[in-house]
Amino acid sequence: MLRLVIRLLGSLLLWCCISIILVLIILFPRDTGTYRDDSNRDVMYYQFKWESYKENIRNYLDVVKKYKGLGKTDRDQPVETELKYYFKKSIIILLPALLLSIFMGICKGILDYKFRGKFGRFFWRGATWLGQSVPDFFLIFLVQTLLFIGMRHGLPRIDMYGDDKLSNVLLAIFFLSMYPAFVIARYTCQAMEEEEEQDYIKTARAKGVPERAVLMRHMLRNCLPKLHQHFMVIVLTLLSGMFVVELLTSYHGIGTRLITAMHIKYSIMPGEPLPIDTSAVIGFSLLILVMLLMAQWLEQIIAYILNPKRRRIRL
Amino acid sequence: MRKIPSLWIGIIGCGFFAIIFFFGPYLPKVDPEVPTHPYVVGPKSNLDYMMPPFPPNSQFILGSDKQGRDIYSALIMGTRSTLEIVISVSLITFLLGIPFGVVAAHWRIVKKILHAWNYLFSRIPVFLCMVFLSTIPFFVFTPNRPFWLMGYLVIFELGKVGEVVRKSVELIQKSTYYEAGILAGTKRFGLWRRYYWSGCYPQWLAYFIQHIGSILFLLGQLGLFGIFLSQVFVHPEMSPKFEFQNNALVWPMFLFDVIIDFDAFPWVPLYGSLFITLSMFFFVSLGEGILEYHLRKQRGLIVQRRPFLFRSQKFSTKQQSASNFSVLLEEKGNSIKDLIVLEDISKDYPGDGVITKVLESINISFEKGVFTTIIGPSGSGKSTLLSLIGALDKPTKGNIYFEREIITNLKNRRLANFRFEKIGFIFQQFHLLPTLTAMENVMCPLFTRKVDYSKKERAIELLDEMGLKDKVHALPSQLSGGQQQRVAIARALVHRPEWILADEPTGNLDSESSKIVFDLLKKLNKENGIGIILITHDPNLAKQTDRIVEIKDGKIVSDTLQTCKEDIVGL
């Protein structure tokens with residue numbers, strides 16, 4: 001137990017370090033300058049100044065002190081209020097997507113393992129390769145295009161954009177969970193094939209244990225620690241996917257709000273600075289980091305529970 | 001290979017993209033210039049102008065983008081730039097990641113650095129980090145923006161690649177045949193060539209190919225937000241504004257158009273992302289196929305008549321009859337020098353806060369002419385003792401003398417030479433390389449070594465002596481347990497060792513095969529004077545040997561000389 005607590009505290013410490021680095025990156029000065037070169041053309045440049053960097057840090061700390069929180073966004077809202085609003089929106093799709101992808105992935109992995117005949121291997125595993133090769137954005141484009149075509153030919157109208165209807169949430173969950181599900185399916189199938197080689201599986205079969213029991217009780221249970229190793233990868237994939245899904249379905253969640261706050265510019269007037277909504281960007285970035293910390297703690301707790309040594313001690 | 005569809009799909013698909021890469025401009029209906037069309041004249045009248053993006057029609061097979069560029073031509077012509085970028089990123093990552101991972105597998109400090117690297121760079125989604133970095137003003141204005149962004153991508157991916165490489169190398173290090181390689185005295189370079197490289201490169205190759213697909217995925221995601229690696233900040237003529245311009249035609253550029261009005265022109269992002277999806281599918285399939293092929297080859301389901309690693313094997317022209325081997329040993333005879341002395345040997349294994357004492361203050365000596373058996377219950381320390389004698393492990397305390405030389409202090413290279421010259425190991429599990437034939441397995445310790453006899457003839461000679469003349473080209477999977485063990489004995493004898501250390505060589509064999517193997521060992525001891533130290537659980541076998549040493553709980557409890565040999569020293 002003490003080891004678990006130390007691990008959790010270690011993750012927290014590292015999280016603090018990463019958060020500080022990220023905040024320091026966000027607070028980089030963003031002033032620009034312009035000059036005219038010999039051919040009378042404007043040239044924009046950026047020169048890093050420690051003074052302005054220190055000023056940015058000082059200003060942000062003043063804001064934190066003044067509001068006793070993360071400050072106010074450009075929309076004149078306390079950051080905490082926005083965080084609360086957008087977190088609710090995003091977690092509604094993130095958590096079900098995580099659970100759905102784990103459930104679908106494991107089921108698909110078991111089926112991939114079970115149907116390994118000449119044709120089964122081609123079709124089941126082939127479907128997993130295909131699923132793994134389909135990026136979330138292509139899936140969204142494809143489904144949206146098909147739905148558009150369908151709706152033009154009499155399919156009932158489905159609202160695909162926004163965040164206020166059930167169909168919006170369900171579609172976002174579907175889009176978000178598909179890619180991780182196929183990745184989990186692949187890991188599950190691989191882990192089960194590795195388990196099959198183990199002597200205790202052969203022994204279980206030799207002793208006449210039914211195939212379903214061998215599969216579910218012996219193999220799958222022993223696969224769980226291996227699958228658990230990929231938990232953080234899946235969470236990171238989901239979080240990356242969240243930005244894409246929210247953008248392409250106009251779902252107003254953490255991802256779209258963070259990108260909006262970053263004010264990505266594609267054209268700039270000479271001398272125009274490159275400002276960002278600092279308080280909002282810091283707030284939402286820290287929120288994402290908190291979600292990742294929670295995921296990591298969850299991973300470490302699961303690892304502790306699954307640890308066979310612990311089971312032995314309890315016995 | 002015929003039965004691995006993923007490999008075929010991957011080869012065909014990647015071949016298709018290779019054709020586009022090299023011959024794209026010459027393909028039908030491709031305009032290499034990819035011109036923009038501000039408008040086109042409609043089909044009905046000259047006054048019927050159409051503004052881009054144009055839907056798919058006879059002029060634009062896949063439609064056009066907002067600038068009126070033919071998507072078909074742009075995708076074909078963009079294949080080169082896209083693949084160049086992703087392959088460059090993957091290649092640089094792997095060129096740095098492979099040495100990083102390999103060193104991490106050998107040095108604990110580098111392993112910790114790798115863990116810390118992974119911890120630091122894989123706790124935030126790469127996509128988010130790239131968006132953050134690309135908006136920092138320095139990276140906006142710098143003319144080297146593509147290189148900076150590429151560099152960041154490499155930094156983020158390096159830890160992942162290093163970790164995969166480290167795990168694959170450690171897997172080889174834990175394998176039984178790698179252990180056999182060390183015990184056979186293979187040098188470090190030989191270990192690399194024979195075990196690591198041959199075991200790891202298919203995995204690395206497969207991962208590299210799949211990594212290209214994942215980089216494409218990431219670039220597609222970044223493209224949705226208008227961030228491209230080939231993007232530069234410029235001031236266009238006749239424009240007051242500075243703009244980001246994409247220097248290269250890349251597939252993700254079509255995804256950016258989707259932000260506005262997807263339902264009005266869905267074909268633009270759809271075809272762009274279709275190309276990314278197709279290439280990802282082919283790369284993933286090829287990677288899977290390579291892994292599958294390697295796995296089948298390892299299991300002996302795919303047999304190469306001459307594995308390519310052996311094609312360049314040059315045999316020594318200097319011939320020496322193998323029959324000289326036994327004559328030489330007989331001439332040499334036993335001498336007082338032929339001793340292994342263990343002086344106050346202890347071995348502890350620390351772990352989980354508990355120190356396990358495996359051997360405690362062992363004082364014993366072994367003489368070459370005496371066939372010695374070590375017996376004892378499981379976990380008593382027999383195998384550890386054998387590992388220490390064979391210099392596979394180092395004792396926690398004490399010295400081991402081999403012909404008056406302390407072997408516990410030898411450096412890696414000398415240790416490898418010592419094992420190669422003096423010792424032959426035989427294991428319970430045979431430890432044969434599954435993809436090599438019996439002859440190649442016997443020759444294994446001789447690779448990267450210069451010897452004054454013909455390697456091939458020596459291997460055949462030994463297999464003949466072991467009664468396996470007709471199994472020279474058989475794979476281990478095509479041999480019975482007894483036959484495999486005889487191949488393992490031949491491998492142990494290939495460089496005429498002075499000692500054979502056998503760890504339960506008959507443990508996996510039936511009584512008949514056990515007898516054959518035991519008789520062989522006995523013959524080697526009596527006729528060739530090779531010192532044998534045998535671990536066994538079989539009391540009947542032990543009774544037939546000269547000396548029985550019994551170990552219990554890490555201590556010698558009895559040491560019985562069964563046959564009267566006056567000239568035995570050190571007992």
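Colleague: Which residues touch the most other members of the largest nonpolar core?
Modeller: Of its 170 residues, they are A:Phe137, A:Phe243, B:Leu153 and B:Leu229. Such a core is a set of buried Ala, Val, Leu, Ile, Met, Phe, Trp, Tyr and Cys residues joined through side-chain atoms within 4.5 Å; buried means under 20% relative accessible area, exposed over 50%, and partly exposed in between (1.4 Å probe, protein chains only).

Colleague: And which helix gives the most to this core?
Modeller: Helix H8 of chain B, residues 188-224, with 16 residues. Helices (H or I, at least four residues) and strands (E, at least two) are DSSP runs, numbered from the N terminus. In chain A, domain 1 (1-67) and domain 2 (79-311) both give residues to the core, so it lies between them. Those domain bounds come from an automatic or database domain assignment.

Colleague: What should I know about the model itself?
Modeller: This is a predicted model, in which local features need pLDDT of at least 70 and side-chain atom pairs count only at pLDDT 80 or more, while totals for chains, interfaces and linings use all residues. Residues are numbered from 1 along each chain as its sequence is written, chains are lettered from A and ligands numbered from 1 in the order in which they are written, and side-chain values use heavy atoms, leaving out hydrogens and water.

Colleague: Back to B:Leu153: what is it in contact with, leaving aside neighbours within four places in sequence?
Modeller: B:Leu153 is in contact (heavy atoms within 4.5 Å) with B:Val89, B:Val126, B:Met130, B:Ile215, B:Leu218, B:Leu219 and B:Leu229. Another core, of 40 residues, lies apart from the one discussed above; among its members are B:Phe430, B:Leu468, B:Val472 and B:Leu479.

Colleague: How many helices and strands does chain B have?
Modeller: Chain B has 19 helices and 14 strands. Of its 571 residues, 56% are buried. Among contacts in chain B between residues at least 6 apart in sequence, 72% join residues at least 24 apart.

Colleague: Changing topic, which residues form the nonpolar patch on the surface?
Modeller: The patch consists of A:Leu111, A:Phe115, A:Phe119, A:Phe122, A:Phe123 and A:Trp124, with about 600 Å² of accessible area together. Patches take residues with over 30% relative accessible area and no salt bridge, joining like charges within 9 Å and nonpolar side chains (Val, Leu, Ile, Met, Phe, Trp, Tyr) within 5 Å. Areas come from the Shrake-Rupley method with a 1.4 Å probe; for residues, only the protein chains shown count as cover. Helix H4 of chain A (residues 118-133) gives the most to the patch, four residues.

Colleague: Is A:Phe123 buried or exposed?
Modeller: A:Phe123, found in helix H4 of chain A, counts as exposed at 54% relative accessibility.

Colleague: How many salt bridges are there over all chains?
Modeller: There are 22, each a side-chain nitrogen of Lys or Arg within 4 Å of a carboxyl oxygen of Asp or Glu. One of them joins A:Asp163 and A:Lys89 (3.0 Å, N to O). A:Asp163 lies in the loop between helix H5 (136-152) and helix H6 (166-196) of chain A and A:Lys89 in helix H3 (residues 79-114) of that chain, so the pair ties together parts 74 residues apart in sequence.

Colleague: Is A:Asp163 buried or exposed?
Modeller: A:Asp163 is buried, at 13% relative accessible area, and A:Lys89 is buried at 17%.

Colleague: Which residues are linked in a network of salt bridges?
Modeller: B:Lys111, B:Glu163, B:Arg166 and B:Glu170 are. Within the pair B:Glu170 and B:Lys111, the closest N and O atoms are 3.6 Å apart.
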